[in-house]
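Subject: Structure for you, with notes on its aromatic rings

Hello,

Here is the structure I promised to pass on.

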Amino acid sequence: MLDFDVAQSRLATAANAPAQSEDVSLADCIGRVLATPIVATLDLPSADNSAMDGYAIRFADYQPDVRFPIQQRCYAGDTPQALQPGNAIRLFTGSIMPEGADTVIMQENAREENDEVLFLEAPEKGRHVRYRGEDVRQGTEIVPRGAVLDAAHVALIASQGIDQVSVFPLLKVGLLTTGNELVAPGQPRAPEQIYNSNGPMLTALLRRQGVQSVKALHADDNPESITRAFETLLAECDLVLTVGGVSVGEKDLVKPTIEQLGATLDMWRVNMKPGKPVALAHARNKPIVCLPGNPVSAFVVYALLVSPLVRTMQGRTQVLPAIQYGTLDADREFSGSRISFLRAQAHFDKNALPRLIPHGDQGSAIISSLAWADVLARIPANTTTRKDDVVAFYDLAHWLR
Ligand code: AMP
Ligand code: MG
């Protein structure tokens, strides 16, 4: 048996980040992976400015009950004059601080009359001023290589005046489903057939992770059909995933077919439940990962073992799923010789670890349990785990992006 964590790190490093990059506009960069780090060329803010609607003064000029002449009304986009001693300049949030001014008094603490202003409270020196460079200093790296660009990154990049970024190329993934019993959704089904749910599921998992190009093919359980599909997918894609047909049954033809292509294949019995049979091969310099056919196994293996490889090949730097902790909230005990990943719902309580409620049927063919669950709770091997024990879990909604 191969240790689960070893299998995970082997898959995470089974390929490299892309060697190329391409430029895209800021409008099109959302969800893309940054290839060249972004370094600030401007201080942010680029000048000292007011954090409030109010009046700029020189703190040393303040005396109680003294009226300040209003020298200028400085609206957004206006250039402030240099502040004359004893004067105030009316300004607004974001207005550049006038030369000579060091303090802003907010308008709520001021009374204006006949172009003069009286301050109702003693100010504090330097209050309500945002200083040049206090957010970002010129020369610092603001977005690292490998970041998946989101709206907050876009704001930060745009604030530097940058409208093009260098990103890794989009990954193309091939998906091969196998099995004579399978029929595509939308087609009529004979009683002995089942619908192909893994194909659409894995396509959806890949899409959600930012893989826009998924080529899905289905092969019957014969070597010619499987070989033909591999030829197409290896020619058109960067990574090929197969599902089913990789155990030790008579019709499990994926392994011999991959070997026929001249690839060496590592067949792993991974110490995990569901899951277990997982294979990794390289053909024509491209990785092939073989997933088990049972839908729950395929889902869990994708989530925990394949998504790190996809992330590596997308150029991302965060490739392993974050581990969180919760308490198991179940009526039964769990034990077994493999690590079990339970489909569970997490309930977040105030002042306590989340409670993890496992689905009542943990069978590897129970598709409905997948749609119900939002986390996978990790139950250690060779240990009895009971209600209220603290266990690790993976948050699927957060991870599968
Ligand atoms: P296999 O490893 O090919 O023997 O598949 C194991 C189980 O998963 C069998 O019950 C298959 O019918 C089922 N299975 C395999 N591929 C799919 C698929 N694409 N969609 C739904 N079920 C599948
Ligand atoms: Mg099969």
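Rings of Phe, Tyr and Trp (its six-membered ring) are taken as a pair if their centres lie within 6.5 Å; planes under 30 degrees apart make the pair stacked, and planes over 60 degrees apart make it edge-to-face. Please keep in mind that this is a predicted model. Across the whole structure, the search turns up five aromatic pairs.

One of them joins Tyr55 and Phe119: the ring centres are 5.9 Å apart and the planes stand at 65°, so this pair is edge-to-face. Tyr55 belongs to strand 4 (residues 54–57) and Phe119 to strand 9 (residues 116–119), so the contact ties together parts that lie 64 residues apart in sequence. Tyr55 is buried, at 4% relative accessibility, and Phe119 is buried with a relative accessible area of 5%.

Tyr75 and Phe92 form a stacked pair, because their planes are at 15° and their ring centres 5.1 Å apart. Tyr75 sits in the loop between strand 5 (68–73) and strand 6 (88–91), while Phe92 sits in the loop between strand 6 and strand 7 (103–106); the pair links distant parts of the chain, 17 residues apart. With 44% relative accessibility, Tyr75 is partly exposed.

Elsewhere, ring pairs connect Phe4, Phe341 and Tyr394 into a cluster.

Arg90 lies over the face of Tyr55, 5.0 Å from the ring centre. Arg311 has its charged end over the ring of Trp399, at 3.6 Å from the centre of that ring.

Regards

Note on methods
Residues are numbered from 1 along each chain as its sequence is written. Chains are lettered from A and ligands numbered from 1 in the order in which they are written. This is a predicted model: local features need pLDDT of at least 70, side-chain atom pairs count only at pLDDT 80 or more; totals for chains, interfaces and linings use all residues. Side-chain values use heavy atoms; hydrogens and water are left out. Helices (H or I, at least four residues) and strands (E, at least two) are DSSP runs, numbered from the N terminus. Buried means under 20% relative accessible area, exposed over 50%, partly exposed in between (1.4 Å probe, protein chains only). A charge sits over a ring if NZ of Lys or CZ of Arg is within 6 Å of the ring centre and within 35 degrees of the ring normal.
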